[in-house]
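Subject: Structure for your files, with notes

Dear colleague,

Here is the structure I said I would pass on. My notes come after it.

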Amino acid sequence: MNLKLKIWRQKNASDKGRMVDYALSDISGDMSFLEMLDVLNNELIEKGEEPVAFDHDCREGICGMCSLHINGEPHGPDRGVTTCQLHMRKFKDGDTIYIEPFRAKAFPIVKDLVVDRSAFDRIQHAGGYVSVNTSGNTQDANNIPIPKENADNAFDAATCIGCGACVASCKNSSAMLFVSAKVSQFALLPQGQVEAKDRVLNMVKQMDDEGFGNCSNTGACEVECPKGISLENIARMNREYFKASAATKK
Ligand code: SF4
Ligand code: FES
């Protein structure tokens with residue numbers, strides 16, 4: 001298929017940036033979206049032009065690095081997939097595709113389509129861990145029965161890959177879906193109870209300090225999340241937060 005691309009080009013963090021038009025021909029529907037960009041970059045390099053910078057690593061929906069806003073949607077028009085898993089068969093011959101970086105104050109643009117998502121790392125460092133002793137004297141996991149529903153919900157929350165699509169899709173640039181997934185995966189399990197209070201208070205504080213907005217229950221994050229992280233996690237995080245705040249005031 002033949003395509004017209006309109007791509008955000010920005011030399012560095014201080015450059016104003018602008019949309020630039022490109023044309024591509026003979027793109028196979030079996031290519032991934034990133035492979036299509038690889039074709040464009042090969043052509044640009046052959047012409048002696050600067051290739052388009054974009055983030056990627058695993059290219060199989062695991063690492064959360066790929067982060068494009070495609071025709072106005074984080075990770076593009078498909079549901080439950082990351083940009084690297086999006087296939088060109090989702091587009092038609094002659095289509096014009098708009099490709100922009102994830103946009104949020106807390107995700108500053110580094111270059112072209114690459115944004116700095118280290119704010120997520122700092123939120124994780126604030127509490128996304130457990131202090132369970134794993135140095136040889138751990139008890140058998142089967143000694144602590146966990147209700148199946150809790151185990152399933154914790155596992156579902158743990159599938160969050162930290163891609164940031166929830167932030168990019170939110171009119172408030174809220175990171176609540178991401179943070180609530182990271183809080184929930186521990187809040188539902190016995191080994192998460194030791195730091196439960198500090199975890200939720202510290203992670204929410206870091207989220208606010210980074211400049212993310214609040215949740216106003218629109219639900220765009222849940223729709224665009226490639227891992228189907230549920231809004232129920234935000235409700236759970238709010239309950240954990242109120243519980244921890246009340247305990248701190250006592
Ligand atoms: S909640 Fe979903 S959209 Fe947000 S960072 Fe995790 S996987 Fe990405
Ligand atoms: S490149 Fe790893 S999830 Fe897309």
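The notes below go from the whole chain to the sheet, the core and a few single residues.

This is a predicted model, in which local features need pLDDT of at least 70 and side-chain atom pairs count only at pLDDT 80 or more, while totals for chains, interfaces and linings use all residues. Residues are numbered from 1 along each chain as its sequence is written, chains are lettered from A and ligands numbered from 1 in the order in which they are written, and side-chain values use heavy atoms, with hydrogens and water left out.

Whole chain

The chain has 8 helices and 7 strands (DSSP runs numbered from the N terminus, with H or I of at least four residues for helices and E of at least two for strands). Along the principal axes, its C-alpha atoms fill a box of roughly 65 × 35 × 35 Å. Of the 250 residues, 46% are buried (buried is under 20% relative accessible area, exposed is over 50%, and partly exposed is in between, with a 1.4 Å probe and protein chains only). The accessible surface is about 12900 Å², and carbon and sulfur atoms account for 49% of that (Shrake-Rupley method, 1.4 Å probe; for residues, only the protein chains shown count as cover).

Contacts (heavy atoms within 4.5 Å) were also sorted by separation along the chain. Among those between residues at least 6 apart in sequence, 69% join residues at least 24 apart. There are 29 positive and 34 negative side chains, and the centres of the two sets are 6 Å apart. Lys and Arg count as positive and Asp and Glu as negative, without His and the chain ends; each charge is placed at NZ of Lys, CZ of Arg, CG of Asp or CD of Glu.

Five strands form an open sheet in the order 2-1-5-3-4, with mixed pairing (two strands pair if DSSP finds at least two bridges between them). Strand 2 (18-24) and strand 4 (73-74) are at the edges with a single partner strand each, so one side of each has no neighbour in the sheet.

Strand 1 (residues 3-9) is joined to strand 2 by 7 bridges, and the two run antiparallel. Across this pairing, Lys6 is opposite Asp21, and Trp8 has Met19 as its bridge partner. With strand 5 (residues 96-101), strand 1 pairs in the parallel sense over 4 bridges; here Lys4 stands opposite Thr96. Strand 1 is largely enclosed by the rest of the structure, because 5 of its 7 residues are buried.

The core

The largest nonpolar core has 62 residues, and those touching the most other members are Leu5, Phe33, Met36, Leu37, Ile99 and Phe212. A nonpolar core here is a set of buried Ala, Val, Leu, Ile, Met, Phe, Trp, Tyr and Cys residues joined through side-chain atoms within 4.5 Å. In soluble globular proteins, nonpolar side chains tend to be buried together.

Phe212 is in the loop between helix 6 (196-209) and helix 7 (220-224), and is buried at a relative accessible area of 6%. Beyond four places in sequence, its contacts include Phe107, Phe120, Ile123, Val167 and Met207.

Single residues

Ser67 lies in the loop between helix 1 (33-46) and strand 3 (68-70). Its relative accessibility is 1%, so Ser67 counts as buried. Leaving out residues up to four places away, Ser67 touches Asp55, Thr83, Pro101, Phe102, Leu113 and Arg117.

His75 is in the loop between strand 4 and strand 5 and is buried, at 0% relative accessibility. Asn217 is in the loop between helix 6 and helix 7 and is exposed, at 68%.

Phe186 belongs to helix 5 (residues 176-187) and counts as buried at 14% relative accessibility. Apart from neighbours within four places, Phe186 is in contact with Gly128, Tyr129, Val130, Gly192, Gln193 and Arg199. Its C-alpha atom is separated by 50 Å from that of Glu46, 140 residues away along the chain.

Regards
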